[in-house]
Amino acid sequence: MSLVHIVLVRPRDGQESRADDLASRLAALAAELGAGDVYAGPDVSIEPFGGGYTTGLAIAFPGERARDAYLRNPRHAELARELPAAADSVLVVDLPAAATGLASQGAQRT
């Protein structure tokens, strides 16, 4: 099962650019290790629901093994150790990327 690894960062005051840089470096590492689509950067949403999480990272992995290899990589560990100095809070979730059929159900209702 493919999955999407999502990391949201609430930067400490004055650490926004450092948090963005760490997210970019993590994204580059994931791409280097063969991840699928990779997105990273500051939040650009116009919705008011960000809760202060202004930096994000989303990585598509073909499966749990690829995700686990990324997480165990020494460079990932090094970058992850830097996050607490730049962040008040970090959220991490992994979502299954398998098709749920929701899009096609919505299309049928129109």
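This report describes salt bridges in a predicted model.

## Overview

Side chains of opposite charge can pair when their charged atoms come close. The cut-off used here is a side-chain nitrogen of Lys or Arg within 4 Å of a carboxyl oxygen of Asp or Glu. By this rule the model has six salt bridges.

## D88 and R12

D88 and R12 form a salt bridge, with a distance of 3.1 Å from N to O. D88 belongs to strand β4 (residues 87-96), while R12 sits in the loop between β1 (3-11) and α1 (16-32), so the pair ties together parts that are 76 residues apart in sequence.

D88 is partly exposed, at 49% relative accessibility. R12 is also partly exposed, at 36%.

## E32 and R75

In the salt bridge between E32 and R75, the closest N and O atoms are 2.7 Å apart. This pair links distant parts of the chain, since E32 is in helix α1 and R75 is in helix α3 (residues 74-86), 43 residues apart.

Is E32 buried or exposed? With a relative accessible area of 54%, E32 is exposed, because the exposed class covers values over 50%. R75, at 41% relative accessibility, is partly exposed.

D21 has 39% relative accessibility and counts as partly exposed. R25 is partly exposed too, with a relative accessible area of 35%. Through salt bridges that share partners, D21, R25 and E82 are joined into one network.

Note on methods: Residues numbered from 1 in each chain as written. Predicted model: local features only at pLDDT ≥ 70, side-chain atom pairs only at ≥ 80, totals over all residues. Heavy atoms only, no water. Helix = DSSP H or I, 4+ residues; strand = E, 2+ residues; numbered from the N terminus. Buried < 20%, exposed > 50% of the residue type's maximum accessible area, 1.4 Å probe, protein only.
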